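Q: Could you walk me through reading contacts, burial and cores in a model?
A: Gladly; let us look at it together.

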Amino acid sequence: MARRPAGSFSRDGGRRGRAGTAVGAIAPEAATSPKAPAPKPAAPPVPPDPNLVLLGEFGRAHGLNGEIRLKSYTGDPLAIAGYGPLLTSDGRTLTLSGVRTAPGSSPDMLIARVTDITGRNAAEALNRVALFIPRDRLAEPEDDDEVYAADLVGATALDEAGTVVGTIVAVPNYGGGDLLELRPAAGGATALLPFTKAFVPVLDLPQRRVTVVLPDDFFAPVGEKPADEPD
């Protein structure tokens, strides 16, 4: 579950930096932060049925004993193992018998075990398989600003003029509140935006759209100097 609290906002933007670092004119608690340059990520899987909610997607096999990498789209990444049997787009039912956080800095990347998957070849066959759950198995959010993180993943981000600026590819939380990881519409590295009413004033989840207010240099390459800075 992701919550969209009210938050401070300054329209003059500022350079992106790691969370907790003073960044331009944006308050530290609302600072955006960059991702290291990387190949353009694949779009999150689209549920084959609107009554299904995407919870995760398998990656490559991990080791020789049937473990596999799993990208979790749940608010608490480890909670994906508590939803019981999960569905795949081709009609299979899979059960996670255990998960743990994968090494690295991404809290939503896990190492998972799947019931009846015991070898590397079987685990490798699950690569890129997405996991879904029927919406009626989920409790309804308690208010309008509480949404399932999985409902945000894959949604289109538009600016206040209605122009598409990117796609939400993840909803991470590094301890300072929920963030939206946006992939720019023009391609390039993703960037993180605080999931607050100031930066995300409008949610239209039935249409898979959100309105965002981005700092002027939000998608600027890391290390690029603002035009008004002297040499």
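A: Let us begin with a term: contact means heavy atoms within 4.5 Å. Before using it, note that this is a predicted model, where local features need pLDDT of at least 70 and side-chain atom pairs count only at pLDDT 80 or more, while totals for chains, interfaces and linings use all residues. Residues are numbered from 1 along each chain as its sequence is written, and side-chain values use heavy atoms, with hydrogens and water left out.

Q: Which residues does F58 touch, not counting residues up to four places away in sequence?
A: F58 touches I68, R69, L70, L94, L96, V114, L126, N127, R128, V129 and L131.

Q: Which residues touch the most other members of the largest nonpolar core?
A: A nonpolar core is a set of buried Ala, Val, Leu, Ile, Met, Phe, Trp, Tyr and Cys residues joined through side-chain atoms within 4.5 Å. Buried means under 20% relative accessible area, with a 1.4 Å probe and protein chains only. In the largest core, which has 47 residues, the answer is F58 and L96. Strand β3 (52–62) is among the elements that give two or more residues to this core, and β3 gives the most, with six.

Q: Why does T211 count as buried?
A: T211 counts as buried because its relative accessibility is 18%. T211 lies in strand β16 (residues 209–211); strands are DSSP runs of E, at least two residues, numbered from the N terminus. Leaving aside neighbours within four places in sequence, the contacts of T211 are L158, D159, E160, F199, V200, P201 and V202.

Q: How many of the 231 residues in the chain are buried, as a percentage?
A: Buried residues make up 43% of them.

Conventions:
Helix = DSSP H or I, 4+ residues; strand = E, 2+ residues; numbered from the N terminus. Buried < 20%, exposed > 50% of the residue type's maximum accessible area, 1.4 Å probe, protein only.
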